[in-house]
Amino acid sequence: MVVPSRKLHDLIEEIRGAKTQAQEREVIQKECAHIRASFRDGDPLQRHRQLAKLLYVHMLGYPAHFGQMECLKLIASPRFTDKRVGYLGAMLLLDERHDAHLLMTNSIKNDLSQGIEPVQGLALCTLSTMGSAEMCQDLAPEVEKLLLQPSPYVRKKAILTAVHMIRKVPDLTNTFLPPCVKLLHERHHGILLGTVTLIMELCERSPAALRHFRKVVPQLVQILRTLVMTGCSTEHSVAGVSDPFLQVHILRLLRILGRNHEDSSETMNDLLAQVATNTDTSRNAGNAVLFETVLTIMDIRSAAGLRVLAVNILGRFLLNTDKNIRYVALTSLLRLVQSDHSAVQRHRPTVVECLQETDASLSRRALELSLALVNSSNVRAMMQELQAFLESCPHDLRADCASGILLAAERFAPTKRWHIDTILHVLTAAGAHVRDDAVANLTQLIGGAQELHAYSVRRLYSALAEDISQQPLVQVAAWCIGEYGDLLLEEGGEEAEPLQVEEEEVLALLEKVLQSQMSLPATRGYALTALMKLSTRLRGDNNRIRQIVSIYGSCLDVELQQRAVEYNTLFRKYDHMRAAILEKMPLVDRGGPQVDEEVKESKEAPQPPAAAAPAPAEPQASKLLDLLDLLDGTSGDTQHPPPLGPSPGGALVHLLDVPCAPPPPAPIPNLKVFEREGVQLNLSFMRPPGTPALLLITVTTTNFSGGDVTHFICQAAVPKSFQLQLQAPSGDTVPAQGGLPITQVFRILNPNKAPVRLKLRLTYSHFGQSVQEIFEVNNLPVETWQ
C-alpha cells in the first residue's frame with residue numbers, strides 16, 4: 001500500500017504540535033525515511049515537494065545531506081518549479097567542501113544563456129552564494145555578458161555575482177573592468193549601487209584598477225552632487241535623506257580613490273564640504289551619511305579647513321542623545337587625535353563629560369580619548385578630572401584609568417612635587433589596580449628629589465595611618481619611612497598644620513602593617529626592612545625593634561623568616577657595622593635593557609638583605625614548549641621544565657661575605673627581530689661565565705608610535721632539546737613616543753650547544769585594534785650558542 005505524500009504545510013503543523021523533543025525527533029525520522037523512499041522510487045513529480053520538506057528539516061538542525069544529489073536533478077529539470085527548489089537546496093546543502101557542487105556548473109551555464117529572466121536570477125543567486133573559485137573561472141564570461149543585458153533585474157544580480165567572483169578569484173579583475181564605466185551611467189538605483197560596490201572590490205584588490213577608476217572621480221562627484229542637491233525618487237528616500245545607501249557607498253569609493261592621491265582629493269573637496277553642510281542631522285540616515293563624509297575627509301588629502309569641519313561634526317555627535325552615535329564619535333576622535341590634535345582638543349570639555357556616562361563602553365572610550373588629549377599645557381586640569389573619575393569609576397575601568405594617569409603624569413609632569421602628589425593620589429584611590437612597576441617608579445622618583453624627602457615621607461605616613469589596605473601604597477610608605485624616618489620626626493615642614501609624630505607611633509604603625517591580615521608577604525618584607533632601618537634613624541632605644549624582628553625569625557614565610565634571622569644576626573654579632581650596612585639607598589639611574597639586566601642580576605646575587613627594600617615576589621610563568629606546537633601548549637599536560645640550575649653566586653652566603661665578581665663576558669651584539677607601526681622588539685644576550693650552557697635573553701619592547709600599546713604579551717617556544725623559562729615581564733603597557741619600554745627575560749638552557757631557534761608570539765592592542773604576530777627567529781648570533 002502506497003502511503004500518500006504529505007504536504008510541507010502539514011509537516012510543519014505536526015512538528016510544531018509535538019509536545020516533547022523526543023516526539024519531534026520521531027516525527028522527523030519517520031518523514032526522512034519516507035523522503036528517502038521517495039527519492040529511491042524516483043518520482044519526478046514529487047521530487048520538489050520532498051526536497052522542500054527536507055530543507056525545512058535541515059533548517060531545524062537535522063541531517064539532510066542525502067538530498068544533495070536531488071538538488072542537482074531538480075536544477076537540470078526544465079520545469080521552473082523544480083529549478084526554484086533545486087537552486088534553493090543547492091544554496092543550503094552544498095558548498096565548496098562538497099565536490100558535488102561542480103556537477104551543476106553546466107546546468108548553471110545553460111540557465112544563464114537561456115534568456116529567461118526568473119531562471120537567470122535563480123542561477124545568479126546560487127552562483128553568488130556558493131560558487132567556488134573553479135565555478136567562477138568557468139562562468140565568468142557568461143556573467144560578463146549579462147552585465148550589459150537590457151533587463152535591470154538581471155543586470156543587478158549579475159553585478160552582485162561579479163562582486164562574489166572578484167572576491168573568490170582576484171585575477172578576474174580585467175574581465176569586469178570595461179563594463180563598470182558604462183554601468184556608472186545608469187540611473188537605476190540597484191544597478192548603480194551594485195556597480196559602486198563592484199568598483200570598490202576591484203580597487204581594493206588591484207592597483208591597476210585603482211589607477212583606472214581614478215579617472216571617473218568627476219563622474220562620481222557629479223552623481224553624489226545630484227543626490228544631495230536635487231534628490232532622487234521618493235522610493236529611495238529615507239527620512240528625508242535622498243538615497244542614503246547610495247550616498248554612503250559613493251563616499252566609501254571616493255575614500256578609496258582619494259587616498260594618497262592629490263588630484264583626486266582636490267576634485268572631491270568641494271563636494272565633501274557641500275555634503276557636510278547640507279545633510280540633515282535630525283535623522284539617523286543623515287548621521288550615517290555625515291559619518292561616512294567625516295571618514296572620507298580624514299582618509300584623503302583634504303584641506304585643513306575641511307578637516308576641522310569634520311572634527312566639529314564629530315563634536316556635534318558627542319551631544320547627540322543616541323548612545324551609538326556618541327560611541328562612534330568617541331571612536332573616530334580617538335583615531336584622529338594624533339593627526340589633528342589641536343582640532344580635537346577644542347572638544348575636550350565634552351569628552352570629559354562623557355566620562356560620567358552610565359554605559360560602560362562609552363565611559364571606556366571617553367577615558368581612552370581623555371588620556372590621549374593630555375599634553376603639557378593641560379596636564380593639571382585633565383589630571384584633576386581623571387583623578388575625580390578614578391574615585392567613582394567602575395572597578396573594571398580602574399586599572400586602565402590608574403595606568404593611564406601614571407603614564408601621563410610621567411610624560412607631562414610640570415614639577416616633581418606635582419608628580420609625587422599625583423601618584424600618591426592614584427595609590428590612595430586605586431592602589432590595588434595600579435601597574436606592577438608603580439612602586440618602583442615612585443620610590444625612584446622620591447629618591448631622586450632630595451628636596452622633597454621630608455614632604456614625601458610626611459604625606460606617605462599620613463596616608464598609611466589612614467588606610468593600610470592598599471598594598472602598593474603601603475609598600476612605598478614603608479620604604480620611604482625606612483629611608484627617611486629621621487625627617488619624619490623633625491619639626492617644621494611645608495604643611496599648614498605641621499605633623500607631630502612620636503617614635504612609638506611610627507613603630508606601632510609598621511608593626512600594625514606586619515600583623516595585618518591584608519598585608520602581602522612582600523609588604524611585610526618592606527615593613528620589616530623599614531623597622532630595621534629605623535634602628536639607625538631613630539634616637540630612642542632599639543629594644544622594641546629587636547623584639548619585633550626576633551618574632552619573625554620563626555615565621556612560616558621563608559623569605560620573611562630568612563630576612564628576620566639575618567637581621568637578628570646583625571644585631572647580635574655585627575652591631576658595630578649596622579649603621580654602615582643600613583645607610584640610605586643610593587639613587588639608581590633608570591635606563592634601558594642594560595640597566596634592567598643589572599637589576600635582575602643584582603636580585604639573583606647575594607646581598608646584605610638589610611641594605612635594600614624587598615622587591616615584590618614575581619610569579620614565575622615558565623613553560624617548556626615545543627617549537628612545532630606553534631605556541632599552543634596551554635593544555636593541562638604541558639610539562640614544566642626542571643630547574644635550570646643556580647645562577648652564579650646564587651648560593652646562600654654569610655651576611656657579610658662578599659661574592660667574587662666573575663670576569664665580564666664578551667659582549668654579544670643585539671638583534672632587532674620585529675617592527676610594526678612604531679613597535680619594536682629587540683633582543684640582548686648574556687651568557688654567565690659560570691654556566692656556559694645558560695643563555696639569558698632580555699626582550700625589550702619599545703613604542704615610537706603616537707598611541708600606547710596595551711595588553712602586551714610575549715610568548716616563546718623552543719625545540720625539545722632546549723629548556724626555556726619565561727620570567728614575568730616588567731609590565732603590559734608600552735607608552736607612546738618612546739616611553740618606558742617593557743622588558744622580559746628568557747632563560748634558555750642549551751646543553752648540546754645547538755643553534756638557538758625561537759618562535760615568538762606577540763599579542764597586544766594598538767590604536768584600538770587587536771594585533772597578533774607569530775614569527776620565527778633563527779638568526780641569533782653565533783656567540784649565543786657556541
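Visitor: How are H7 and H9 oriented relative to each other?

Guide: Axes are lines fitted to C-alpha atoms, for helices over the stretch in contact, and angles run from 0 to 180 degrees between N-to-C directions; angles under 35 degrees count as roughly parallel, over 145 as roughly antiparallel, 65 to 115 as roughly perpendicular and the rest as oblique. In this predicted model, local features need pLDDT of at least 70 and side-chain atom pairs count only at pLDDT 80 or more, while totals for chains, interfaces and linings use all residues. Helix H7 (residues 117–130) packs against helix H9 (residues 152–168) at about 15 degrees, with the axes 9 Å apart, and H7 and H9 are therefore roughly parallel to each other. Residues are numbered from 1 along each chain as its sequence is written, and side-chain values use heavy atoms, with hydrogens and water left out.

Visitor: Which residues of H7 and H9 make the contact?

Guide: Contact means heavy atoms within 4.5 Å. On the H7 side the residues include Glu 117, Gln 120, Leu 124 and Ser 128, and on the H9 side they include Tyr 153, Lys 157, Leu 160 and His 164. An α-helix has 3.6 residues a turn, so residues three or four places apart point the same way. By class, the residues of the contact of H7 with H9 divide into eight nonpolar, six polar and two charged, where Ala, Val, Leu, Ile, Met, Phe, Trp, Tyr, Cys and Pro count as nonpolar, Asp, Glu, Lys and Arg as charged, and the others, Gly among them, as polar.

Visitor: Which residues of helix H10 are buried, and what covers them?

Guide: Buried means under 20% relative accessible area, exposed over 50%, and partly exposed in between, with a 1.4 Å probe and protein chains only. In H10 (residues 173–183) the buried residues are Thr 173, Phe 176, Leu 177, Pro 179, Cys 180 and Leu 183, and their cover includes helices H8 (133–146), H9, H11 (189–205) and H12 (207–213). Over the protein chain, 50% of the 786 residues count as buried.

Visitor: Where does Asp 243 lie, and is Asp 243 buried or exposed?

Guide: Asp 243 is in the loop between strand S2 (241–242) and helix H14 (244–258), where helices (H or I, at least four residues) and strands (E, at least two) are DSSP runs numbered from the N terminus. Phi of Asp 243 is positive, near 45 degrees, in a residue other than glycine, and at 2% relative accessibility Asp 243 counts as buried.

Visitor: What is phi of His 711, and where is His 711 found?

Guide: His 711 has a positive phi of about 50 degrees although it is not a glycine, and His 711 is found in strand S6 (residues 709–717). With a relative accessible area of 46%, His 711 is partly exposed.
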